[in-house]
Amino acid sequence: MPRPALLIVDLFSRFDFPDGPQLASLAFKAAKKARRIRDAFDEKQWPVIYANDNFGDWKCGFQQLAEVCRHEPGPPGEIAKLLFPGPDHYTVLKPKHSAFLATPLAVLLAKLDVSTLVLTGMALDSCIIATAIDANSREFSTVVVSDATACLPQRRPSALTLLRSTGGVEVRTAQALLRSLESGHER
């Protein structure tokens with residue numbers, strides 16, 4: 001039976017890029033919401049998948065990357081400790097914006113019999129949008145959890161407008177999503 005999967009995008013970061021320091025505290029807020037959603041998915045034994053940039057280190061695996069972040073001070077370490085992958089979670093390293101581009105994500109989702117993708121992470125205006133559009137083009141029902149995504153405040157309204165205008169991506173709050181999960185409706 002098809003089921004939803006939670007995709008947590010790019011929340012493991014050192015925030016050592018332009019706008020990174022400003023995005024760090026916003027990412028921590030999004031990570032707290034993503035953790036609540038992850039707990040709900042874990043409880044239902046639904047797939048949780050992490051897709052993350054590799055920081056340009058092509059020799060680094062996901063677990064190494066997560067460990068590096070876990071030992072960083074401030075938001076990088078706080079987020080990594082909050083969201084560190086469990087043994088039943090899946091991980092994918094991605095080279096560019098979309099979690100689908102040049103990764104095994106589509107094959108993994110097919111093997112897991114996933115029909116709906118729930119997206120959380122950062123940044124809403126780049127990696128989340130790219131992943132959501134790619135998911136929709138692959139005919140997945142796609143939900144972006146608006147308050148479980150990080151984005152610079154001045155970019156958030158246009159990013160949400162773009163997602164809503166596609167007609168193929170549903171935008172929900174964490175509270176609305178969790179309420180629907182509790183009532184037995186995954187969407």
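This is a predicted model: local features need pLDDT of at least 70, side-chain atom pairs count only at pLDDT 80 or more; totals for chains, interfaces and linings use all residues.
Q: Which residues line the second largest pocket, and how many of them are charged?
A: The lining consists of Arg3, Phe41, Asp42, Gln45, Trp46, Pro47, Val48, Asp88, His89 and Tyr90. By class, 5 of these residues are nonpolar and 2 are polar. The number of charged residues in this lining is 3.

Q: How much space lies in the largest pocket, and which residues are the closest to its centre?
A: The space in the largest pocket is about 500 Å³. Its lining has 27 residues. The closest to the centre are Asp10, Phe17, Asp53, Met122 and Cys127.

Q: Which element supplies the largest share of the lining of the largest pocket?
A: Both β2 (48-53) and α5 (124-137) supply at least two residues of this lining. The largest share is 3 residues, and the element that supplies them is α5.

Q: How many residues in the lining of the largest pocket are nonpolar?
A: The lining includes 9 charged residues and 6 polar ones. The nonpolar residues number 12.

Q: Where is the cis peptide bond from Met122 to Ala123, and what is its omega?
A: Met122 is among the residues closest to the centre of the largest pocket. The bond from Met122 to Ala123 is cis, with omega near -15°.

Q: Is Thr120 buried or exposed?
A: Thr120 is found in strand β4, residues 114-122. Leaving aside neighbours within four places in sequence, Thr120 is in contact with Leu6, Leu7, Ile8, Val9, Ala34, Ile37, Ile128, Val145, Ala148 and Thr149. The relative accessibility of Thr120 is 0%, and a residue counts as buried under 20%. Thr120 is therefore buried.

Q: Why is β1 described as largely enclosed by the rest of the structure?
A: The cut-off for a buried residue is a relative accessible area under 20%. β1 has 7 residues, and it is largely enclosed because the number of them that are buried is 6.

Q: How many bridges join β1 to β4, and which residue stands opposite Pro4?
A: β1 and β4 pair in the parallel sense. The pairing runs over 7 bridges.

Q: Which residue in β2 is the bridge partner of Ile8, and what is the hand of the crossover from β1 to β2?
A: β1 and β2 pair in the parallel sense over 4 bridges. The bridge partner of Ile8 in β2 is Tyr50. The chain crosses from β1 through α1 to β2, and this β-α-β crossover is right-handed.

Q: What is the hand of the β-α-β unit made by β5, α6 and β6?
A: Strands β5 (residues 141-150) and β6 (residues 169-172) run parallel and are joined by 4 bridges. Thr142 has Val169 in β6 as its bridge partner. Together with helix α6 (residues 156-165), the two strands make a β-α-β unit that is right-handed.

Q: What is the phi of Asp19, and is this residue buried or partly exposed?
A: Asp19 sits in the loop between β1 (3-9) and α1 (20-44). Its phi is near 75°, a positive value in a residue other than glycine. With a relative accessible area of 35%, Asp19 is partly exposed.

Q: Is Ala102 buried or exposed?
A: Ala102 is found in the loop between β3 (90-94) and α4 (105-111). Ala102 is not a glycine, although its phi is positive, at about 60°. The relative accessible area of Ala102 is 67%, and the cut-off for exposed is over 50%. Ala102 is therefore exposed.

Key
Residues are numbered from 1 along each chain as its sequence is written. Side-chain values use heavy atoms; hydrogens and water are left out. On a 1 Å grid over the protein atoms alone, a cavity is a set of points where a 1.4 Å probe fits but cannot get out, and a pocket is an open set with protein on both sides within 12 Å along at least five of seven lines; lining residues have an atom within 4 Å of a point. Grid points are joined across faces, edges and corners, and a volume is the space filled by probe spheres set on the points. Ala, Val, Leu, Ile, Met, Phe, Trp, Tyr, Cys and Pro count as nonpolar, Asp, Glu, Lys and Arg as charged, and the others, Gly among them, as polar. Two strands pair if DSSP finds at least two bridges between them. A crossover is right-handed if, with the strands pointing away from the viewer, the path from the first strand over the helix to the second runs clockwise. Buried means under 20% relative accessible area, exposed over 50%, partly exposed in between (1.4 Å probe, protein chains only). Contact means heavy atoms within 4.5 Å.
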